[in-house]
Amino acid sequence: SIIVDDGNPYYDSRNNCNAIIDKNNQLIIGCKNTIIPNSVTSINKYAFVFCSDLTSVTIPNSVYSIGNGAFTDCSGLTTIYSLNNTPPTCEPYYNKYTQFDSVDKTNCVVWVPNGCANAYKEADGWKDFQNIRELAFGDVNIDFKVNQADLDATVGYIMGKDPEGFYESMADLSGDGVVDAADVVKLVTILNLQEGLNMDNR
């Protein structure tokens with residue numbers, strides 16, 4: 001684990017994230033147990049380098065750039081969740097994109113928001129991945145199902161609770177940057193449609 005002393009004026013490990021983050025919201029160093037906070041805006045170069053025990057990483061929608069070699073030699077990485085509708089920028093290093101060097105781009109699955117797969121398939125640093133898939137619209141807890149648990153988590157979040165496994169960006173179904181009653185209405189509509197389809201198939 002990674003812990004930064006509370007009195008450090010330059011770095012922190014906010015929300016027990018198991019990472020070092022600077023005051024500019026840049027993740028400097030991570031590890032296999034890192035949970036990237038939604039306040040992080042960029043991942044520093046070589047932040048996870050040689051972290052071969054890292055098998056899965058969730059990159060929140062707040063991240064807009066990933067530095068050179070950030071996940072180099074993360075050979076155990078099999079699943080990436082990138083929650084930004086716009087693929088985080090990967091800057092070239094001597095005309096080469098090294099962010100995911102040594103990651104198996106044939107078998108590693110990259111999960112992206114609904115409707116965003118094509119953008120990732122065309123983006124530098126991402127387009128080499130052969131298995132880019134879209135998460136279901138309304139799957140706010142990323143369990144590959146849209147059900148009552150997603151509705152409960154969304155309502156709980158609006159009421160000021162902190163639902164476990166809840167991803168705010170996935171719950172913004174209206175795309176207005178706010179999770180509110182309008183998103184609940186959309187989620188209820190999805191669940192009702194699913195129930196109707198289930199009834200039709202009985």
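Biologist: Where is the place of V178?

Modeller: This is a predicted model, in which local features need pLDDT of at least 70 and side-chain atom pairs count only at pLDDT 80 or more, while totals for chains, interfaces and linings use all residues. Residues are numbered from 1 along each chain as its sequence is written, and side-chain values use heavy atoms, with hydrogens and water left out. Helices (H or I, at least four residues) and strands (E, at least two) are DSSP runs, numbered from the N terminus. V178 is found in the loop between helix 3 and helix 4 (181-200).

Biologist: Does V178 count as buried, partly exposed or exposed?

Modeller: Buried means under 20% relative accessible area and exposed means over 50%, with partly exposed in between (1.4 Å probe, protein chains only). V178 has 43% relative accessibility, so V178 counts as partly exposed.

Biologist: Which residues is V178 in contact with, leaving aside neighbours within four places in sequence?

Modeller: Contact means heavy atoms within 4.5 Å. By that rule, and with those neighbours left aside, the contacts of V178 are D172 and D183.

Biologist: A171 and V140 are 31 residues apart in sequence; how far apart are they in space, C-alpha to C-alpha?

Modeller: A171 is in helix 3, and A171 is buried because its relative accessible area is 2%. Not counting residues up to four places away in sequence, A171 touches V140, T154, F166, V179 and D183. The C-alpha to C-alpha distance between A171 and V140 is 5.2 Å.

Biologist: How far apart in space are S169 and N107, C-alpha to C-alpha?

Modeller: S169 lies in helix 3 (residues 168-171) and counts as partly exposed, at 22% relative accessibility. Beyond residues up to four places away in sequence, S169 touches N61 and L83. N107 is 62 residues from S169 in sequence, and the C-alpha to C-alpha distance is 26 Å.

Biologist: Which residue caps the N-terminal end of helix 2?

Modeller: Helix 2 covers residues 148-158, and its buried residues are D150, L151, A153, T154 and G156. After the helix comes G160, with a positive phi near 95 degrees. At the N-terminal end, a side-chain oxygen lies 3.1 Å from the backbone nitrogen of A149, and the capping residue is N147.

Biologist: Does N44 count as buried or exposed?

Modeller: N44 lies in the loop between strand 4 (42-43) and strand 5. Setting aside residues up to four places away in sequence, N44 touches Q26, L27, I28, G67 and A70. Its relative accessibility is 18%, so N44 counts as buried.

Biologist: Which members of the largest nonpolar core touch the most other members?

Modeller: A nonpolar core is a set of buried Ala, Val, Leu, Ile, Met, Phe, Trp, Tyr and Cys residues joined through side-chain atoms within 4.5 Å. In soluble globular proteins, nonpolar side chains tend to be buried together. Among the 33 residues of the largest core here, those touching the most other members are I43, F48, I66, F71, I80 and W126.

Biologist: What is the relative accessible area of Y94?

Modeller: Y94 lies in the loop between strand 8 (89-90) and strand 9 (109-112). Y94 is exposed, with a relative accessible area of 72%.

Technical notes:
A polar contact is a pair of N or O atoms within 3.5 Å; within protein, one must be able to donate a hydrogen and the other to accept it, and residues adjacent in sequence count only if both atoms are side-chain atoms.
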